Amino acid sequence: MRPVSIIWFERLFLLSIALALVSSVVQYDALLAQIQSDPAFARMGWGGGFLIGVLALSALIPLLLWYFIARRASNLAKWLLVALIVVGLFFVNFDFATMWAPGNLASILVTLMQIAAVALLFRPDARAWLGSGGDRHVAP
């Protein structure tokens, strides 16, 4: 049986991915306009297909990490997720003047949810379970 911390990690992390996807769908036109207005992308002919590919990849990687952490008890996947979230912190817009735009608020909320989810992986029951490789006989 999986520990409570892993179950809550799973719920919170999947909710953050769902919120990020909804936010991306809502902002699709603005994101596409931003790509099309960039001369480098315009010369390459990248547009809607490129954006959909980026959005799909940005959902697939966290989903794979979630699977390996929550279902396969991979400690390596945990540390890869921690590294990705730390790197992602450099790309969050914390500018107070634009922070209140809906897209920025969603981004900050997703980041906070992911940080909280990852923090659950460092609780004693989750560490023991991940360290055992998901052994069912580890006491929660």
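Modeller: Before we start on this predicted model, one cut-off: a residue is called buried when its relative accessible area is under 20%.

Biologist: Okay, then why is Ala 73 called buried?

Modeller: Its relative accessibility is 5%. The cut-off is under 20%, so Ala 73 counts as buried.

Biologist: And where does Ala 73 lie?

Modeller: In the loop between H4 and H5. H4 comes before it, and phi of Ala 73 is positive, near 55°.

Biologist: What makes that phi worth a remark?

Modeller: The value is positive, and the residue is something other than glycine.

Biologist: Let's go back into H4. How do you know what span to expect for H4?

Modeller: Take 1.5 Å times one less than the number of residues. H4 has 24 residues, and the expected figure is 34 Å. From first C-alpha to last, H4 reaches 34 Å, close to that expectation.

Biologist: Which residues of H4 are buried?

Modeller: Leu 51, Leu 55, Ala 59, Pro 62, Leu 65, Trp 66, Ile 69 and Ala 70.

Biologist: What do the buried residues of H4 pack against?

Modeller: Against H1, helix H2 (28–37), H5 and H7.

Biologist: Now the core. What makes a set of residues a nonpolar core?

Modeller: Its members are buried, come from a list that includes Ala, Leu, Ile and Phe, and are joined through side-chain atoms within 4.5 Å. The largest one here has 20 residues, and Ile 6, Phe 9, Phe 13, Ile 69, Leu 81, Leu 121 and Leu 130 touch the most other members. Helices H1 (4–26), H4 (48–71), H5 (75–89), H6 (102–120) and H7 (124–131) each give two or more residues to this core.

Biologist: Take Ile 6 as a case. Which residues is Ile 6 in contact with, leaving aside neighbours within four places in sequence?

Modeller: Ala 70, Leu 121, Ala 126, Trp 129 and Leu 130. Contact here takes heavy atoms within 4.5 Å.

Biologist: How many helices and strands does the chain have?

Modeller: Seven helices, zero strands. From the N terminus on, the elements run α-α-α-α-α-α-α. The C-alpha atoms fill a box of roughly 55 × 30 × 20 Å along the principal axes, and buried residues make up 33% of the 140 residues.

Biologist: What share of contacts with a separation of 6 or more comes from residues 24 or more positions apart?

Modeller: They account for 66%.

Conventions
Residues are numbered from 1 along each chain as its sequence is written. This is a predicted model: local features need pLDDT of at least 70, side-chain atom pairs count only at pLDDT 80 or more; totals for chains, interfaces and linings use all residues. Side-chain values use heavy atoms; hydrogens and water are left out. Buried means under 20% relative accessible area, exposed over 50%, partly exposed in between (1.4 Å probe, protein chains only). Helices (H or I, at least four residues) and strands (E, at least two) are DSSP runs, numbered from the N terminus.
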